[in-house]
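Hi,

Here is the structure I promised to pass on. Have it open while you read, and my notes follow below.

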Amino acid sequence: MSVRILVRNIRLLLLTIQNSILSLNTSFDPSITIAKFRSHKWTTKQIALYTFDVLLAVFWMVSCMSFPFNFGLATVWSLALLLPISSQFVAPATPIFIWLITYFTSKFLPISYRPGISVSVLPTLETVLYGANISDILTRWTHPVLDIVAWLPYGLLHFVVPFVVAIFLWLFRQKAALKYWAVAFGYMNLTGVIVQILFPCAAPWYEVIYGLTPAHYGMPGSAGGLARIDKLFHSHGYTSTFSNSAVIFGAFPSLHSGCSTMEALFISHFFPQHTLKIWCYTLTLYWATMYLTHHYLIDVVGGACLSIAFFYILMPWELKEDGARERSGPYIAARQALGIGGIRGSKYEQYDLERRANRERMGRNRATMSSADSASSSRSSLDVVPLPVGSLRSPNPDGGTSAGLPPASYAQNSSAAKSHRHTASIASLIHADDRVEEGWSPVIGEFSSSIR
């Protein structure tokens, strides 16, 4: 990449960030949020999901939080939802906040409410399904270089990449993409934590330290292979964090695997040019979870399957196929300001099929109104002298249809034409020469001026 292209891309990024910030709602008027809430057309799925969020939040606040804290949290959350400047972030991210509340408050759940801890289920299933304990095989040989390679995605990038994905979607894709990310990422993690609470399982580090002896909730957690990172950097950060983890026996499913899979699916869908890179990161993290004795292979598979399910179940229809390539307004404005072309839209936009159909539809309406007016005026006026038909000059001497009025077969089959846009876009290129004679060109994307 030349220096000139690098400078241009940096300017484009900075201008896109500036445009995105300027497009944010900075109002503090709650009436705007209330009006949007009343005018919003709620679907059954949205009502069910938000009802579940509210009930779950109330459960954790009442059962696991003291009075001043839970009241303050509810107040701050309500104000954040009412103010437009904050609701544009807080409302879409509600599933993520519910997941975080569930994760951090679950440690205060009374032991009498919790199910028993499974120690042997996961290693037994792994041996039955895969013929061996894969995580045990991967941890038999360690090395400081491998420790660093495993630590980077598992202990560092895991907490950074979700924000990177969200920022890229916010800057370069339509608004619905960021909302979709918050919903899919949040509910995937929330479901995973609920499964970990209802089905607590010991991780491989427990088998290494305690064997298959029964576990109880009073046991401290372990950093597993990350303890070698603490030793390498002369610190105790990971040891202290995992010893006091909110969910110590949450091996299944692996949310490290789930998060990385969700990130790979989103990048592959919205930025396919980076598919290989993101999946290399994801596969490395899969290996790191087992190498660091934090998960079995079945945990990794379970987390990946959970992400795939939520990715496709919650995907909005407008973000499928060509909708995933639709650029954000700030990004398009930044490119236009810098004089950068080459923004390709969907195949319908490339061949101008939508605007051409609208023009033809408007032309038919004008022709119909014009013929009705002329018929009415001819009946009401007695001074009009009709001209011979042969004296009228046709705008299309070859006998074709006029520019404003398409053939009757098109009007009869308009519904069928709408359902065959793919064929229409290909046909525009195949019969380009014929259509240029009629006034349409797939290159310029509009009717020529000679027939306007």
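Glu 321 sits in the loop between α17 and α18 (329–337). Its phi is positive, about 50°, although Glu 321 is not a glycine. Glu 321 counts as exposed because its relative accessible area is 59%, and the cut-off for exposed is over 50%. Keep in mind that this is a predicted model.

Thr 293 is another non-glycine residue with a positive phi, near 60°. You'll find Thr 293 in the loop between α16 (275–291) and α17 (297–313). Is Thr 293 buried or exposed? At 12% relative accessibility, Thr 293 is buried.

One more backbone detail to look at: the peptide bond from Phe 252 to Pro 253 is cis, with omega near -10°. Pro 253 belongs to the loop between α14 (237–243) and α15.

Now for the overall picture. The chain has 24 helices and 2 strands. Of its 452 residues, 38% are buried. If you take contacts between residues at least 6 apart in sequence, 79% of them join residues at least 24 apart.

On to the inside. The largest nonpolar core has 56 residues, and those with the most contacts inside it are Leu 169, Tyr 180, Trp 181, Met 262, Phe 266 and Phe 270. Which helix gives the most to this core? That's α11 (residues 175–198), with 12 residues. Apart from this core lies another one, of 14 residues, including Trp 205 and Tyr 296.

Leaving out residues up to four places away in sequence, Tyr 180 touches Phe 266, Phe 270, Phe 311, Tyr 312, Leu 314, Met 315, Pro 316 and Leu 319.

Leu 198 is also in α11, but with 60% relative accessibility Leu 198 counts as exposed. Leu 198 and Gly 250 are 52 residues apart in sequence, and their C-alpha atoms are 9.6 Å apart in space.

Last, a helix pair. Helix α10 (residues 161–172) packs with helix α15 (residues 255–270) at an angle of about 25°, and their axes are 10 Å apart. The two are therefore roughly parallel to each other, since angles under 35 degrees count that way. Their crossing is left-handed. On the α10 side the contact is made by Val 161, Pro 162, Val 165 and Leu 169, and on the α15 side by Glu 263, Phe 266, Ile 267 and Phe 270. By type, the residues of this contact are 7 nonpolar, no polar and 1 charged.

Cheers

Definitions and conventions: Residues are numbered from 1 along each chain as its sequence is written. This is a predicted model: local features need pLDDT of at least 70, side-chain atom pairs count only at pLDDT 80 or more; totals for chains, interfaces and linings use all residues. Side-chain values use heavy atoms; hydrogens and water are left out. Axes are lines fitted to C-alpha atoms, for helices over the stretch in contact, and angles run from 0 to 180 degrees between N-to-C directions. Helices (H or I, at least four residues) and strands (E, at least two) are DSSP runs, numbered from the N terminus. Angles under 35 degrees count as roughly parallel, over 145 as roughly antiparallel, 65 to 115 as roughly perpendicular and the rest as oblique. A crossing is left-handed if the near helix is turned anticlockwise from the far one by less than a right angle, and right-handed if clockwise. Contact means heavy atoms within 4.5 Å. Ala, Val, Leu, Ile, Met, Phe, Trp, Tyr, Cys and Pro count as nonpolar, Asp, Glu, Lys and Arg as charged, and the others, Gly among them, as polar. A nonpolar core is a set of buried Ala, Val, Leu, Ile, Met, Phe, Trp, Tyr and Cys residues joined through side-chain atoms within 4.5 Å. Buried means under 20% relative accessible area, exposed over 50%, partly exposed in between (1.4 Å probe, protein chains only).
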